[in-house]
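Subject: Structure for your reading

Dear colleague,

Please find the structure below, handed over for your study. My notes on it come after.

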Amino acid sequence: IRLTSFNENSSDQIEKQIKKLKKNKNLNSFILDLRNNPGGLLNQAIRISDFFLENGEIVSTKSRKKSDNRKWFAKKGDITDGKTLLVLINYGSASASEIVAGALKDHKRAIVVGENSYGKGSVQSIIPLKNRGAIRLTVAKYYLPSGKSISEVGVSPDIVVEESDDDNFKFNTETDNQLKFALKLLNG
């Protein structure tokens, strides 16, 4: 399942896709491809992480004011029934993608394959100005269940597989050695 961003419909699309794939009785594992996904809505990252988790913390934010700190937790019910899960990430995976990959990695629910993610772990607030402009202000930072900040460090894969330097690199083609590696790993 390849997800290119986290918008209002992302979790519904992923849920539909998982249900469709589960109809195949021979299915024994999933690959969630978050490469070059710049992120998006936090609530979608939380919902999608929750699809694969039975319980535990998904993400937390820490702010200057302690009263603004928040934590989000998974609810019971892994909709994939605990099937093997691989998550693909690269330097283009940022923000919400890092929350999902990091939460699934920290809970040892997924094997993360690829390259270190971007490291955008900041919560931003957009403050409108009188001149029709706006200021984007960082108000908090995201933290993974392990307590690690995503900010400026990103999520490191369990297994490093670099993209081919080939200028012809395209997702899901012969030159996609990260996906090829993931498939080989799953097929033993």
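This is a predicted model: local features need pLDDT of at least 70, side-chain atom pairs count only at pLDDT 80 or more; totals for chains, interfaces and linings use all residues.

Residues are numbered from 1 along each chain as its sequence is written, and side-chain values use heavy atoms, with hydrogens and water left out.

Helices (H or I, at least four residues) and strands (E, at least two) are DSSP runs, numbered from the N terminus. An open sheet is formed by 4 strands in the order β3-β2-β7-β6, with antiparallel pairing (two strands pair if DSSP finds at least two bridges between them). At its edges lie β3 (70-73) and β6 (122-128), each pairing on one side only. From one strand to the next, the twist averages 25°.

Helix α2 (residues 42-52) packs on this sheet and touches β2 (57-63), β3 and β7; contact means heavy atoms within 4.5 Å. The direction of α2 makes about 150° with that of β2 (axes are lines fitted to C-alpha atoms, for helices over the stretch in contact, and angles run from 0 to 180 degrees between N-to-C directions).

In helix α1 (residues 10-22), Ser 10, Ser 11, Ile 14 and Ile 18 are buried, whereas Lys 16 and Lys 20 on the other side are exposed. Buried means under 20% relative accessible area, exposed over 50%, and partly exposed in between (1.4 Å probe, protein chains only). What covers the buried residues of α1 includes β1 (29-33) and α2.

With kind regards

Technical notes. The expected span of a helix is 1.5 Å times one less than its number of residues.
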